[in-house]
Amino acid sequence: MTKRKVTKITAIILVLMCVVMVSTALAYQYLFWTNTGIGKVSATVARATASTEATQNVNTVSVTVQLQRLYNGSWQNYGSSYTATRSNYFYVDISRDITIERGYAYRTMSIHTVIHNGKTETAFPIYSGGMAFA
């Protein structure tokens, strides 16, 4: 592939990313930012994290995170889901260390919700990248 084609493809990807970010921002009045991730604490412990941020203090802001395992070619929930909720605040986060089985890839899936003045805004599901635990 030529350098010119790579540059064009990179430019197209950046434009598409901007369109997705702008359309997401325009879709919500109170939900501002979401994040989810997975980290390796040890060979047998994964750290699942997620956070939700609102544009202002809201009635309720919450996040639920679920670890998933790649098993026989499909992502399946692994263990329990965990939820954190705050009232009259703009931000909430959660972090849980979870014992896993080696030899699989894992990722997190999260659901983010903001409730304010009778309006509920939810972003779901949000996925992290996968991480292998050999």
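In E5, His116 has Lys119 as its bridge partner. Strands E4 (residues 104-116) and E5 (residues 119-127) pair in the antiparallel sense over seven bridges; strands are DSSP runs of at least two residues, numbered from the N terminus, and two strands pair if DSSP finds at least two bridges between them. This is a predicted model, in which local features need pLDDT of at least 70, side-chain atom pairs count only at pLDDT 80 or more, and totals for chains, interfaces and linings use all residues. Residues are numbered from 1 along each chain as its sequence is written, and side-chain values use heavy atoms, with hydrogens and water left out.

**Strand E4 and its partners**

- E4 and E5 form a hairpin with two residues between them, and Asn117 in the turn has a positive phi of about 50°.
- Strand E2 (residues 45-71) also pairs with E4 in the antiparallel sense, over 10 bridges; Arg69 has Tyr106 in E4 as its bridge partner.
- With strand E6 (residues 131-133), E4 forms three antiparallel bridges, and Tyr104 stands opposite Phe133 in E6.
- Of the 13 residues of E4, 10 are buried, where buried means under 20% relative accessible area, exposed over 50% and partly exposed in between, with a 1.4 Å probe and protein chains only.

**Nonpolar core**

- The largest nonpolar core has 22 residues, of which Leu67, Ile100, Tyr106 and Val114 touch the most other members; such a core is a set of buried Ala, Val, Leu, Ile, Met, Phe, Trp, Tyr and Cys residues joined through side-chain atoms within 4.5 Å.
- Strand E1 (31-42), E2, E3 and E4 are the elements that give two or more residues to this core.
- E2 gives the largest share of this core, nine residues.
- Leaving aside neighbours within four places in sequence, Val114 is in contact (heavy atoms within 4.5 Å) with residues including Tyr30, Leu31, Val58, Val61 and Lys119.

**Aromatic rings**

- Five aromatic pairs are found in the whole structure; rings of Phe, Tyr and Trp (its six-membered ring) pair if their centres lie within 6.5 Å, and planes under 30 degrees apart count as stacked, over 60 as edge-to-face and the rest as tilted.
- The ring centres of Tyr78 and Tyr106 are 5.4 Å apart and the planes are at 75°, so this pair is edge-to-face.
- Tyr78 in strand E3 (residues 74-99) and Tyr106 in E4 are 28 residues apart, so the pair links distant parts of the chain.
- Lys40 lies over the face of Phe133, at 4.8 Å from the ring centre; a charge sits over a ring if NZ of Lys or CZ of Arg is within 6 Å of the ring centre and within 35 degrees of the ring normal.
- The charged end of Arg86 sits over the ring of Tyr89, 3.8 Å from its centre.

**Salt bridges**

- The structure holds three salt bridges, each a side-chain nitrogen of Lys or Arg within 4 Å of a carboxyl oxygen of Asp or Glu.
- Arg47 and Asp97 meet in a salt bridge at 2.7 Å, N to O; Arg47 in E2 and Asp97 in E3 are 50 residues apart.
- Arg69 forms a salt bridge with Glu101, with the closest N and O atoms 3.2 Å apart; Arg69 is buried at 13% relative accessible area, whereas Glu101 is partly exposed at 40%.
- Lys119 forms a salt bridge with Glu121, with the closest N and O atoms 3.5 Å apart; Lys119 is partly exposed at 35%, whereas Glu121 is buried at 3%.

Key. Helix = DSSP H or I, 4+ residues; strand = E, 2+ residues; numbered from the N terminus.
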